[in-house]
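Colleague: Please take a close look at a single part of this model. Then set that part in its surroundings.

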Amino acid sequence: LLVEAKNIDHTFEKLYGFLSKLEICRINRRVIELFEFKNFEHFETDFVKIFDESSVLEVIGVIKESLSNKIVQNKRMRLKSFKGHKKHINVNMVSRKVEDVISIIICFLDETTQIESEMRTEKLLQRMEKTIFERTKELRVVNQKLNDQAEETDRINQILEYNFNQTTDSIQVAKKIQKLMLPKISQIKGAFADAFVFYKAKDIVSGDFYWCQKTDDHVWIASADCTGHGVPGALMAMTGAHLLSEIVNKKGDLKPNEILHLLDHHIIDRLKQRQSGNIVSTGMDICLCKYEMKTKKMEFSGAFQDLFLKREGEITILKGDRRGVGGTHEYKDKDFTSHSLDLVKGDKVYFTSDGMPDQFGGENGKKLMKKRFIQILKSFNSKDMNGELLETKKAYYQWKGKEEQIDDIIVMGLEI
């Protein structure tokens with residue numbers, strides 16, 4: 001066998017045959033269990049079956065090294081059990097030669113669990129690395145898209161900011177124009193003993209307006225609330241003020257209800273509201289008065305607005321008609337009611353849009369309502385109308401609190 005071992009070629013069958021001739025002297029039970037043999041005799045007969053072609057070559061190599069009195073340690077081999085289960089074995093061999101007898105001690109260390117765990121870990125790491133690589137690649141693509149979107153969003157925001165500033169600047173100019181078109185408080189005070197106007201837009205420009213015009217011995221004065229607020233409301237307000245001036249200049253001898261009748265027709269005609277398919281239903285609520293300065297007689301007509309008379313601390317409400325001017329086909333030919341008042345020195349009359357009575361606020365966040373508004377008018381104890389203006393503002397802001405302003409506001413007071 002020594003000669004055979006030294007000269008054996010690497011033909012698998014011969015190698016297998018050579019291993020079959022080895023005599024197994026002793027083996028512990030752990031080895032039998034490791035390779036799944038029934039007993040010692042079974043192992044002795046069929047132990048060569050634990051080797052495959054590659055492992056046979058490794059074993060013969062170890063034996064050849066052992067013939068030179070070398071100690072072979074930590075030789076990893078891939079063997080298989082009798083039942084065909086693959087095993088990862090760390091083989092240590094020690095050989096000793098006495099005359100023509102070689103004794104070989106072989107120690108098998110089962111590393112199957114460890115190796116398979118390492119292999120699974122390696123595969124898992126490889127899959128994780130692949131997944132991370134793919135996700136990283138995807139994230140780079142997504143990140144690039146987000147960067148592109150961020151740049152585009154930033155560009156759009158800059159455009160929007162520019163346009164917003166341009167629009168805001170334009171509306172600020174419109175606010176100045178609207179303010180110039182409103183009558184000066186001094187003009188109103190020139191026709192009455194005293195007066196105040198509380199005028200506050202919800203946005204930059206207002207859909208509410210007040211108007212005053214003198215004709216001979218008469219003073220025409222009005223407060224109006226146009227549909228909407230902001231720019232659309234302001235356009236309607238300017239249109240309404242212009243139409244009022246135009247009508248009164250031509251028909252100043254008419255009564256307020258007749259003026260409202262003409263104003264209704266003019267708005268409907270100007271905005272082409274009689275045409276089918278026209279969705280512009282803009283109109284206005286208005287309180288219009290004609291005051292004769294010599295006789296202190298006042299005529300009033302209202303469209304969804306009332307007039308409040310304060311005399312000796314008591315408030316009298318003169319009801320306007322429950323229909324607006326323009327903006328509706330409910331009445332083909334609207335008629336408005338005219339009220340006549342004989343005023344005396346010290347009387348006060350008040351106009352208001354629905355902006356202040358409809359304002360939410362108070363402890364429960366409810367509307368101020370007309371009843372509370374009348375109480376505010378009755379509670380005035382200032383000596384002049386400027387004081388009443390301050391009291392009106394104070395009452396409004398105290399009621400409003402932190403609530404948002406919901407509409408344009410106009411409150412106007414006149415003292416006879």
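Modeller: Start with a definition. Patches are made of residues with over 30% relative accessible area and no salt bridge; like charges are joined within 9 Å, and nonpolar side chains (Val, Leu, Ile, Met, Phe, Trp, Tyr) within 5 Å. A salt bridge is a side-chain nitrogen of Lys or Arg within 4 Å of a carboxyl oxygen of Asp or Glu. Areas follow the Shrake-Rupley method with a 1.4 Å probe, and for residues only the protein chains shown count as cover.

The model is predicted: local features need pLDDT of at least 70 and side-chain atom pairs pLDDT 80 or more, while totals for chains, interfaces and linings use all residues. Residues are numbered from 1 along each chain as its sequence is written, and side-chain values use heavy atoms, without hydrogens or water.

First, the surface. Leu 124, Leu 125, Met 128 and Ile 132 make a nonpolar patch of about 350 Å². Met 128 sits in helix α6, residues 112-181. Helices (H or I, at least four residues) and strands (E, at least two) are DSSP runs, numbered from the N terminus. Met 128 is partly exposed because its relative accessibility is 41%. The cut-offs are under 20% relative accessible area for buried, over 50% for exposed, and partly exposed in between (1.4 Å probe, protein chains only).

Now the part to inspect: strand β15, residues 409-415. Seven of its seven residues are buried. Side chains in a regular strand alternate between the two faces of the sheet. Ile 409, Val 411, Gly 413 and Glu 415 point one way from β15. Ile 410, Met 412 and Leu 414 point the other way.

β15 has partners. Two strands pair if DSSP finds at least two bridges between them. Strand β4 (194-200) pairs with β15 over seven bridges, antiparallel. Among the bridge partners, Tyr 199 meets Ile 410, and Val 197 meets Met 412. Strand β12 (348-352) pairs with β15 over five bridges, also antiparallel. Here Lys 348 has Glu 415 as its bridge partner.

Widen the view. β15 belongs to an open, antiparallel sheet of five strands, in the order β4-β15-β12-β9-β10. β4 and β10 (314-318) are the edge strands, each pairing on one side only. From one strand to the next, the twist averages 15°. Axes are lines fitted to C-alpha atoms, for helices over the stretch in contact; angles run from 0 to 180 degrees between N-to-C directions.

Another open sheet has five strands in the order β5-β6-β7-β8-β11, with antiparallel pairing. Its edges are β5 (208-215) and β11 (339-342). The twist there averages 15° from one strand to the next. β8 (297-303) and β11 pair over four bridges. Phe 300 stands opposite His 339 of β11.

α9 (256-270) lies across β6, β7 and β8, at about 145° to β7.

Last, the whole chain. It has 11 helices and 15 strands. Of its 416 residues, 40% are buried. Contact means heavy atoms within 4.5 Å. Among contacts between residues at least 6 apart in sequence, 63% join residues at least 24 apart. The accessible surface comes to about 24,700 Å², with 51% belonging to carbon and sulfur atoms.
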